[in-house]
Amino acid sequence: MTTQRVWRVHQPGPVTGDPLRLDDEPVPAPTDGELLLRVRACGVCRTDLHVTEGDLPVHRPDVVPGHEVVGKVVATGDASGFEVGDAVGVAWLRGTCGHCRYCVRGAENLCPNSTYTGWDADGGYADYVTVPADYAHPLPSGYSDVELAPLLCAGIIGYRALRRSGLPPGGRLGVYGFGASAHLATQVALAEGATVHVLTRSEAARRLALELGAASAGAAADAPPESLDAAILFAPVGSLVPPALEALDRGGVLAIAGIHLTDVEHLNYQRHLFYEKELRSVTANTRADAREFLEFAGRHRLSVRTTPYPLDDALQALRDLATDRVNGAAVLVP
């Protein structure tokens with residue numbers, strides 16, 4: 001095939017309009033060190049929504065969104081480590097400099113020169129995508145292509161957020177928002193012996209949380225039934241930061257998992273931060289995070305809830321995500 005379908009963000013703006021355009025274009029050729037993949041599935045992430053609607057600044061005009069890509073290698077640009085026919089995953093982190101002080105200390109996600117799939121380079125809302133071989137990931141067995149796609153960002157960033165939360169063994173975790181990332185991170189925490197309390201506005205998401213083993217599921221701004229050792233905020237809603245901090249026990253940590261958050265209006269030191277509570281952001285994943293999580297998913301069969309959409313319905317998938325009509329993770333299937 002010499003042409004492909006691609007969705008491009010031609011005019012960032014609300015998905016109630018038409019910020020995306022579907023085009024036919026030539027299939028890209030891999031450069032040195034890159035792989036060309038035939039896309040088998042691509043997850044629809046809330047970060048794609050932020051890129052499409054303009055919540056994030058434009059890094060590449062007319063970019064193709066999508067950074068949860070499951071594909072098959074169809075060509076290599078003198079890249080090592082993979083062969084034609086291999087199943088490969090593409091995640092958010094696409095490149096780093098490798099020699100700055102952040103990279104050398106193992107914090108490559110903080111590299112000032114880092115680049116990202118579907119933001120700095122074209123992503124997976126297409127029939128084909130390229131990826132540097134050094135940033136491509138082998139995939140665990142036992143999952144379908146559609147199930148694998150959300151693992152590549154929702155799963156990985158949820159895993160990093162869980163580690164950033166400092167949850168102690170057997171601890172009590174609060175999860176605020178319960179979409180694609182949260183439902184996977186919750187399963188990791190439960191597998192490691194945690195008690196999980198979910199707070200989210202969606203009744204369907206609360207039912208799913210209880211099905212997966214959460215101890216309780218309440219409305220987003222509710223107080224959990226017990227104090228928390230750690231919490232993760234997945235919803236991009238700054239007004240949830242104060243109640244989440246207030247729910248923490250002494251020494252607890254709140255990790256904010258999203259790349260975008262609405263403003264946090266007011267914090268009261270005594271109520272929200274005293275007794276050595278901590279507030280931590282989560283910037284992006286490292287490749288080590290990806291390897292650790294994907295290996296965990298290979299050892300522990302996760303229940304991945306998905307809603308598939310044809311590639312032609314990418315804009316509708318984003319609209320459904322924006323209005324909480326997706327239970328689990330939306331996934332595009334070319």
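Select D127, which sits in the loop between β7 (115-116) and β8 (128-132). Helices (H or I, at least four residues) and strands (E, at least two) are DSSP runs, numbered from the N terminus. Two notes before moving on. This is a predicted model, where local features need pLDDT of at least 70, side-chain atom pairs count only at pLDDT 80 or more, and totals for chains, interfaces and linings use all residues. Residues are numbered from 1 along each chain as its sequence is written, and side-chain values use heavy atoms, with hydrogens and water left out.

**Stop 1: D127**

Is D127 buried or exposed? D127 is buried, with a relative accessible area of 3%. Buried means under 20% relative accessible area, exposed means over 50%, and partly exposed lies in between (1.4 Å probe, protein chains only).

Now show what surrounds D127. Leaving out residues up to four places away in sequence, D127 touches Q4, R5, L37, R38, V39, L311 and P334. Contact here means heavy atoms within 4.5 Å. Next, zoom in on R5. The D127 side chain reaches the backbone nitrogen of R5 at 2.8 Å.

**Stop 2: R5 and D312**

A salt bridge is a side-chain nitrogen of Lys or Arg within 4 Å of a carboxyl oxygen of Asp or Glu. R5 lies in strand β1 (residues 3-9) and D312 in the loop between β16 (306-310) and α9, so the pair ties together parts that are 307 residues apart in sequence. R5 counts as partly exposed, at 24% relative accessibility. D312 counts as partly exposed too, at 40%.

**Stop 3: other salt bridges**

How many salt bridges does the structure hold? There are 22. Pick R8 and D122, whose side chains meet in one of them (3.1 Å, N to O). This pair links distant parts of the chain: R8 is in strand β1, D122 is in the loop between β7 and β8, and they are 114 residues apart. Both R8 and D122 are buried.

Go on to D320 and R325. Their side chains meet in a salt bridge at 2.6 Å, N to O. D320 is buried, with a relative accessible area of 9%, whereas R325 is exposed at 51%. Now select R5, R38, D127 and D312 together: salt bridges that share partners join these four into one network.

**Stop 4: A317**

Select A317 in helix α9. A317 counts as buried, at 0% relative accessibility. Show its contacts: A317 touches V44, Y309, V326 and L332, not counting residues up to four places away in sequence. Then draw a line from A317 to A330. They are 13 residues apart in sequence and 6.6 Å apart in space, C-alpha to C-alpha.

**Stop 5: the largest pocket**

Finish at the largest pocket, with a volume of about 880 Å³. Select R46, G179, F234, A235 and P236, the closest to its centre of the 46 residues that line it. Then colour α1 (46-53), α3 (145-164), α4 (180-191), α5 (203-212), α9 (314-322) and β17 (329-333), the elements that give two or more residues to the lining.

On a 1 Å grid over the protein atoms alone, a pocket is an open set of points where a 1.4 Å probe fits, with protein on both sides within 12 Å along at least five of seven lines; lining residues have an atom within 4 Å of a point. The volume is the space filled by probe spheres set on the points, which are joined across faces, edges and corners.

Technical notes. A polar contact is a pair of N or O atoms within 3.5 Å; within protein, one must be able to donate a hydrogen and the other to accept it, and residues adjacent in sequence count only if both atoms are side-chain atoms.
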